[in-house]
Amino acid sequence: MKMILDERGKKYVLKPGQEFQSDLGIIKADVLDSAEVGDEVKSHLDHTFKIMKPNINDFIDIMDRRCSILLQKDIGQVLAHTGLGAGSRVVDAGTGAGAIALNFGNVVGPEGQVFTYEIREDFAEVARKNIDNFGITNIEVKNKNIKEGIDEDKIDLIFLDLPKPFGIFEDVLESLNVGGWLCVYAPYIDQAEISYRIAKKLGFYDIEIIELLERGLEVRQQGVRPKHVWLAIADTWYLQENYSYYLVDFSYNYFTIFLKKFNYFSYNLHLICKSR
Ligand SMILES: C[S@@+](CC[C@H](N)C(=O)[O-])C[C@H]1O[C@@H](n2cnc3c(N)ncnc32)[C@H](O)[C@@H]1O
């Protein structure tokens, strides 16, 4: 894979033998194939493109996705909290398009192994293709309902991103090494709470529920300010919205908030704990 960066800072990831076309012009496949990282190539419209080495996030940005994928902040939390490293064995479910599975595969390296379960055949196929295109061989995609049983044992981390994950915590415990990690990614507080109670009852320790809020800042000519505002509704920080899309009416003795259009709705929790 090669990545090219145009004059506007827009990136494109290309496969070997692929011709490039955009509004800034065409670059022939043989020109791209023979260029080295760091070289600059010209399109037929004389625009300059720099050859870059793509990393896993560049690849995930352009890969085929059929469902929502885990965000970098959430993937980072799992990797950093569990200290996952070379040679680790990981079970992941559901795979979706394979975003976190790819990160696991990338981190555990050739001596490690990732087994990722996906109930839907079409998603499993997409994930297999994505993993194949990324070019690593330590991830096995299983088109299987993980609730029917976990085939592997001596696992260092089991990561669950699916409804009612707590239904399989007993199986999880059987498959984990002593000191292995269970991580649950939950979009609802009650799912995290039930997971907490069941994990505790089963003897997991170091149990934590973590809410991660990430807010970027944008640099404008007038100054620097947050990209999004967090809106508190009923004491719970549930909605993130771009400034431009809502209007707060202060003319009443309470705030009336008119939400014109949602362009971002994201709420997720991590439950992370360790087996004995
Ligand atoms: C939100 S997506 C997963 C995103 C993915 N973890 C990532 O890294 O981007 C949830 C996936 O879980 C799958 N799924 C739901 N229940 C499942 C089960 N019991 N066993 C395996 N996969 C399941 C769904 O088909 C869906 O593809």
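**Exercise 1: the core.** In this predicted model, find the residues with the most contacts inside the largest nonpolar core.

*Solution.* Start with the core as a whole: it has 53 residues. Inside it, the most contacts belong to Ile158, Leu182, Cys183 and Leu271. Next, look for the element that supplies the largest share: strand β11 (residues 176-186) gives 7 residues. Another core, of 6 residues, lies apart from this one, and it includes Met3, Phe20, Ile27 and Leu32.

**Exercise 2: one residue up close.** List the contacts of leucine 182, leaving aside its neighbours within four places in sequence.

*Solution.* Two residues count as in contact if their C-beta atoms lie within 7 Å. With that cut-off, leucine 182 touches Ile158, Val172, Leu176, Ala199, Phe204, Cys273 and Ser275.

**Exercise 3: a helix and the ligand.** Work out how many residues of helix α4 (residues 99-108) are buried, and which residues are closest to the ligand.

*Solution.* First the helix: 8 of its 10 residues are buried, among them Ala99, Ile100, Phe104 and Val108. Just after α4, glycine 109 has a positive phi of about 70°. Now the ligand: 20 residues surround it, the closest being Ile69, Gly94, Gly96, Ala99 and Ile100. Sorted by class, this shell holds 12 nonpolar, 4 polar and 4 charged residues.

**Exercise 4: strand partners.** Find the bridge partners of lysine 50 in β6.

*Solution.* Take β1 (residues 2-5) to begin with: this strand pairs antiparallel with β6 (residues 48-52) over 3 bridges, and leucine 5 is bridged to lysine 50. Then turn to β5 (residues 40-42), which also runs antiparallel to β6 and is joined to it by 3 bridges; here glutamate 40 is bridged to lysine 50. In the hairpin of β5 and β6, 5 residues lie between the strands, and aspartate 46 takes a positive phi near 70°.

How values were computed. Residues are numbered from 1 along each chain as its sequence is written. This is a predicted model: local features need pLDDT of at least 70, side-chain atom pairs count only at pLDDT 80 or more; totals for chains, interfaces and linings use all residues. A nonpolar core is a set of buried Ala, Val, Leu, Ile, Met, Phe, Trp, Tyr and Cys residues joined through C-beta atoms within 7 Å. A residue is buried if 20 or more other C-beta atoms lie within 10 Å of its own, exposed if 12 or fewer, and partly exposed in between; C-beta atoms are placed from the backbone. Helices (H or I, at least four residues) and strands (E, at least two) are DSSP runs, numbered from the N terminus. A residue is near a molecule or strand if its C-beta atom, placed from the backbone, lies within 6 Å of it. Ala, Val, Leu, Ile, Met, Phe, Trp, Tyr, Cys and Pro count as nonpolar, Asp, Glu, Lys and Arg as charged, and the others, Gly among them, as polar. Two strands pair if DSSP finds at least two bridges between them.
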